[in-house]
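Here are my notes on this entry. Please read them with the coordinates open.

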Amino acid sequence: MEISTGGTQNPPKLWKQINWGDCDRCGDDAEVLTTENRPDWVNEGDEAICVGCGLKGIAIADESEGAHIDWNEFDAEVE
Ligand SMILES: [Zn+2]
């Protein structure tokens, strides 16, 4: 474990693959850039990206509807 210098710091954001939030465009899995280290958990507003086609989105942690990815709009053709 590395020792960080300089007092209180935010935990680093790391890319993490999740088992939900499949891509709207290609159906592949999503990764989120998050400080949350529990499997499949995300934080509201975490940046998301599709591992298949690279479509980007934002993680929404909605207690009533469950967490999901708000994918960016995209053209029908994969870039
Ligand atoms: Zn995709």
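1. Terms come before details. Strands are DSSP runs (E, at least two residues) and helices are DSSP runs (H or I, at least four), numbered from the N terminus. Two strands pair if DSSP finds at least two bridges between them.

2. Basis. This is a predicted model, in which local features need pLDDT of at least 70, side-chain atom pairs count only at pLDDT 80 or more, and totals for chains, interfaces and linings use all residues. Residue numbers start from 1 along each chain as its sequence is written.

3. Composition. The protein has 0 helices and 5 strands. From the N terminus, its elements run β-β-β-β-β.

4. Strands β3 (residues 47–50) and β4 (residues 56–60) are antiparallel and share 3 bridges. Ile49 has Lys56 of β4 as its bridge partner. Ala48 stands opposite Gly57 in β4. The hairpin leaves 5 residues between the strands, and Gly54 takes a positive phi near 85°.

5. The β4–β5 pair. Here the pairing is again antiparallel, over 4 bridges, with β5 covering residues 68–71. Which residue of β5 is the bridge partner of Ile60? That partner is His68.

6. Core. Buried residues make up 19% of the 79 residues in the protein. A residue is buried if 20 or more other C-beta atoms lie within 10 Å of its own, exposed if 12 or fewer, and partly exposed in between, with C-beta atoms placed from the backbone. The largest nonpolar core has 10 residues: Ile18, Cys23, Ala30, Val32, Val42, Ala48, Cys50, Leu55, Ala59 and Ile69. Such a core is a set of buried Ala, Val, Leu, Ile, Met, Phe, Trp, Tyr and Cys residues joined through C-beta atoms within 7 Å. Strands β2 (30–34) and β3 each supply at least two residues of this core.

7. Contacts. Two residues are in contact if their C-beta atoms, placed from the backbone, lie within 7 Å. Leaving out residues up to four places away in sequence, Val32 touches Lys16, Ile18, Val42, Asp46, Glu47, Ala48 and Ala59. Among contacts between residues at least 6 apart in sequence, 28% join residues at least 24 apart.
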